[in-house]
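Student: I have a protein model open and would like to learn how to read it. Could you walk me through a few features?

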Amino acid sequence: RYDPEPLWLLALAFAWGALVAVIVSFVINTVLAVVVSIGVSPEAGEIFGAVVSAPVFEEASKGMGLLILLIFFRRYFDDILDGIVFAGVIALGFATVENVLYYGRAVGRGGMEGLAVLFVLRGIASPFAHVTFTALTGIGCGIARESHNKAVRIILPMVGYFGAVLMHAIWNGVAVMGGLEGFWLAYGVLQIP
């Protein structure tokens, strides 16, 4: 409202999340999960994919979009709020496509009942999980943009990224290892606050 970003740049950010970040993450996460599944066990592959690979590579691929905006569209990337906004738009693009993929898989595995359960979990209870994670990288980039200290400009985006990875890993870890009860516990303790 006070400093609206150009619609074309927001569309570009959304497209980065929906296309580039999703494709990069999907390929890397799939390969790593298969390697761990073959080398250790299918259960270990699933846990590794959700708790290690997904947080690291999904947040990295979304964060690269933020860095591109920070470096090449600096004129529009003014402060911490812009970092949060751009991070949120990239993450919404990512989550939109990821949710559609998960919904399709749920129908294939559990029919309409499986879709309904997953829709409640991802579409109603936690639609802003990716936004929350990636916002940490956006805050780091926003602080870097406002700073005149070279060390801060280099270190803070990385600090934000590591915060995003940690939050994402905790969220996925509790949900994967704790099942449905773990999801609701993480939702009440982490997502709502």
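Student: Which residues form a nonpolar patch on the surface?

Tutor: This is a predicted model, so please read every value as computed from it. The patch consists of Leu19, Val20, Ile23, Val24, Phe26, Val27, Val31 and Val35, and together they have about 690 Å² of accessible area. Take Val20, which lies in helix α1, residues 7-39. Its relative accessibility is 33%, so Val20 counts as partly exposed.

Student: And the inside? Which residues make up the largest nonpolar core?

Tutor: A core gathers buried nonpolar residues whose side chains join up. Here the largest one has 12 residues: Leu9, Ala13, Leu66, Leu69, Leu70, Tyr76, Phe77, Phe86, Ala87, Val89, Ile90 and Cys141.

Student: What does Leu66 touch?

Tutor: Leaving aside residues up to four places away in sequence, Leu66 touches Phe77, Gly83, Phe86, Ala87, Ile90, Thr134, Thr137, Gly138 and Cys141. There is also a second, separate core of nine residues, including Ala125, Ala129, Ala164 and Ala186.

Student: Now charges, please. How many salt bridges does the structure hold?

Tutor: It holds two. In one, the side chains of Lys62 and Glu59 meet, with 2.9 Å from N to O. These residues are three apart in helix α2, so about one helical turn separates them.

Student: Is Lys62 buried or exposed?

Tutor: Buried, because its relative accessibility is 0%. Glu59 is also at 0%, so it counts as buried. The other bridge links Glu98 with Arg122, where the closest N and O atoms are 2.6 Å apart. Glu98 has 10% relative accessibility and therefore counts as buried.

Student: How many aromatic pairs are found in the whole structure?

Tutor: Nine. One of them is Tyr103 with Phe119, a tilted pair at 5.9 Å centre to centre, with 55 degrees between the planes. Tyr103 is buried because its relative accessible area is 17%, while Phe119, at 41%, is partly exposed.

Student: What kind of pair do Phe183 and Trp184 form?

Tutor: An edge-to-face one: planes over 60 degrees apart count that way, and theirs are at 80 degrees, with 5.0 Å centre to centre. Phe183 counts as buried at 7% relative accessibility, whereas Trp184 is partly exposed at 37%.

Student: Which residues form one aromatic cluster?

Tutor: Trp171, Phe183, Trp184 and Tyr187 do.

Definitions and conventions
Residues are numbered from 1 along each chain as its sequence is written. This is a predicted model: local features need pLDDT of at least 70, side-chain atom pairs count only at pLDDT 80 or more; totals for chains, interfaces and linings use all residues. Side-chain values use heavy atoms; hydrogens and water are left out. Patches are made of residues with over 30% relative accessible area and no salt bridge: like charges are joined within 9 Å, nonpolar side chains (Val, Leu, Ile, Met, Phe, Trp, Tyr) within 5 Å. Accessible areas come from the Shrake-Rupley method with a 1.4 Å probe; for residues, only the protein chains shown count as cover. A salt bridge is a side-chain nitrogen of Lys or Arg within 4 Å of a carboxyl oxygen of Asp or Glu. Helices (H or I, at least four residues) and strands (E, at least two) are DSSP runs, numbered from the N terminus. Buried means under 20% relative accessible area, exposed over 50%, partly exposed in between (1.4 Å probe, protein chains only). A nonpolar core is a set of buried Ala, Val, Leu, Ile, Met, Phe, Trp, Tyr and Cys residues joined through side-chain atoms within 4.5 Å. Contact means heavy atoms within 4.5 Å. Rings of Phe, Tyr and Trp (its six-membered ring) pair if their centres lie within 6.5 Å; planes under 30 degrees apart count as stacked, over 60 as edge-to-face and the rest as tilted.
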